[in-house]
Amino acid sequence: MDAALLLGLYRQMCLCRRFEEAAAKAYSQGKVQGFLHLYIGQEAVAVGAISAIEETDYIVSTYREHAHYLARTGDARGAMAELFGKATGCSGGRGGSMHLFDARHRFLGGWAIVGGHVPIAAGVAFASKYREEPDVTLCFFGDGTANQGAFHEGLAIAAVWKLPLVLICENNQYAMGTPLYRTLSVEDVSVRARGYPMEAEIVNGDDVLEMREAVRHAVDRARKEKLPFFLEAKTYRFRGHSVADPAKYRTKEEVQKWMERDPIGLLAQRIQHLGIANEGQLQALDEEAKAQVQDAVEFAEESPAPAPETVAEYVYA
Amino acid sequence: MPEPRVITFREALREAMVEEMERDPSIFLMGEEVGHYNGAYKVSEGMLDRFGERRVIDTPIAETGFAGVGIGAAMVGLRPIIEFMTWNFSLVAYDQLVNNAAKLRYMSNGQFTLPIVFRGPEGAAHALGAQHSQALESIYAHIPGLKVVVPSIPADAKGLLKAAIRDNNPVIFMESETMYSLKGEVPAGEHLIPLGVADLKRPGRDVTLVTWGKITHTALKAAEALAADGIEAEVLDLRTIRPLDEAAILESIRRTHRCLVVQEGWPFAGIAAEIITLVAHQAFDSLDAPPDRVTCLDVPMPYARNLESLVVPTPERVVGAVRRLLGRDDAPPQPVIAVRGR
């Protein structure tokens, strides 16, 4: 097992977790406004998946995308400043928490209408195929997307045109406050993908290594055979849908059960079990992540707000 | 100076697409029936043979899907032309156009441009019923981030479509089933008309008819009838709704002192309301009469031909409205069914 790889993944997952905690704190202080959807509990999905792809592969995500952004860019400052609505944010303060973009790193959003970005991701994959470029597009979305028309149209087109698209459903069991069994007629979202048809696989989304291997396989296949692939990552969000949601629709026991398989804890156990690092060394990595987030918060606080005279910029090219 | 030839509106559109696709390999045409069927209205006839399946792409009946595919492809540098079989069908893709295409550049702080054209016919044709007869430019022109183009003659169709394809913004390009066979002189080869520039289709001194798209021909017929009676109506064809050529509108009104907007769409919150606001605010002192509008009646389109012909603006209704504006004693009253928004 590659020690540097495991420690790198651990460090990234800590960064995602600490970033979200800091964002929630800043929200409670009124420094971050609007909607804030936290990723805590799902870190293994974003970090595992994005560690498995090339830098030139594209990523298209949702409004719960801080971790995808961080895993791709490592840019905690740009993300935090965006949440703070500052000019130095990765979207210049025009986007906010739900609309992180970084063209240079091929991070294509940050979209906040459920399912609307799935056809867009298919379009990015279409462009790669059209230009005969080797790049694959990763599209992240939640389980609640599985009933949206745009989701199905995106999958239908990706399948019939054989697009190099890897669809990653983060099944965290809840579409906002509604448990999946009340709104989805099948137990596994991936069942739906098979009908298009496309290859589909269920992955333990709390296991970063399993996630990484599954995405590596899916991307490999998408790249070589120009075929879409569907992955359903079973996971759980520890917090509510957004910071405004106390998540009273779930029992303490249920949350407790999932927190026992905290993806960061699972990876820490594995690292220690393999003798790659001890608790103190892991603690140090976490401290590093905390310091990076603290730096990002300070950067965001000190950054200027967008200049008022720029309000009408970028409406048109 | 290129040689003018007489071709149809449909051929003019095709010529624009073919010339641009020959020039730039990143342009492709995508939509329902555009390829093997040669286009539901034959606009893309022969293009599959010319460019092949890679660049003339038949889609499933999934407007949200293929509109979104176009947006994604444009985000990473391609220049899609997305055909809606009619703009009525674009409504199932409205989320893609409004929430995604119109917003991307702004909410990414200018990191992305979106060079994409959505085109197809809109408005009433003949007895197509309520779901296939809508003039929808107002609901697109409402949205910052979109441009909206509605040509009225073949030469403009070609020049504006070429400009729309070269534009780096999402452009809504609206044609009409009933105009596809309309013939007119069209310059061969390079012929570009900048977006946002109105065109005076008929000069006049007594009243300005502000119009666009196929209703321009209704306004021209009305102007012809009025001329027989000694009333000289100016017909200003906006050609582009967004950006709006405000200067051309105001310049004309300041000369004629009277403004009648003639539009196919419904009255309530329509484009005429926007233009009349502009005129009232910027040319108030030039006006000899309150600005007015002739629009589609404020009802869904009925199927029966006698009812349909009541709903769509006609030259007779335009003539009546002009006579009322000029205070002619013999002016007919407003139509029985209120055209005011309710």
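In this predicted model, helix α4 (residues 76-83) of chain A and helix α12 (residues 279-302) of chain A have axes that come within 8 Å and cross at roughly 45°. Axes are lines fitted to C-alpha atoms, for helices over the stretch in contact, and angles run from 0 to 180 degrees between N-to-C directions. Helices (H or I, at least four residues) and strands (E, at least two) are DSSP runs, numbered from the N terminus. The crossing is right-handed, a term for the near helix being turned clockwise from the far one by less than a right angle, with anticlockwise giving left-handed.

On the α4(A) side, A:A76, A:R77, A:M80 and A:A81 meet A:Q292, A:V293, A:A296, A:V297, A:F299 and A:A300 of α12(A). Two residues are in contact if their C-beta atoms, placed from the backbone, lie within 7 Å. By class, the residues of this contact divide into eight nonpolar, one polar and one charged. Ala, Val, Leu, Ile, Met, Phe, Trp, Tyr, Cys and Pro count as nonpolar, Asp, Glu, Lys and Arg as charged, and the others, Gly among them, as polar.

Residues are numbered from 1 along each chain as its sequence is written, while chains are lettered from A and ligands numbered from 1 in the order in which they are written. As the model is predicted, local features need pLDDT of at least 70 and side-chain atom pairs count only at pLDDT 80 or more, whereas totals for chains, interfaces and linings use all residues.

Also in chain A, strand β3 (residues 137-142) is largely enclosed by the rest of the structure, because six of its six residues are buried. A residue is buried if 20 or more other C-beta atoms, placed from the backbone, lie within 10 Å of its own, exposed if 12 or fewer, and partly exposed in between. A:T137, A:C139 and A:F141 point one way from β3(A), and A:L138, A:F140 and A:G142 point the other way.

The table lists strand pairings from both chains; two strands pair if DSSP finds at least two bridges between them.

| Strands | Bridges | Sense |
|---|---|---|
| β1 (residues 58-61) of chain A and β3(A) | three bridges | parallel |
| β3(A) and β4 (residues 165-171) of chain A | six bridges | parallel |
| β9(B) and β11 (residues 233-237) of chain B | three bridges | antiparallel |
| β6 (residues 147-149) and β7 (residues 170-175) of chain B | three bridges | parallel |

A:V60 stands opposite A:C139 in β3(A), and A:T137 has A:L165 in β4(A) as its bridge partner.

In chain B, five strands form an open sheet of mixed pairing in the order β9-β11-β10-β13-β14. Strands β9 (199-202) and β14 (292-294) stand at its edges, each with a single partner strand, so one side of each is left without a neighbour in the sheet. Neighbouring strands are turned by 30° against each other on average, direction ignored. Helix α10 (residues 271-282) of chain B lies across β10 (207-211), β13 (259-262) and β14, running at about 160° to β13(B).

Between the chains, 31 residues of chain B are in contact with 31 residues of chain A. The largest share of the chain B side, ten residues, comes from α3(B).
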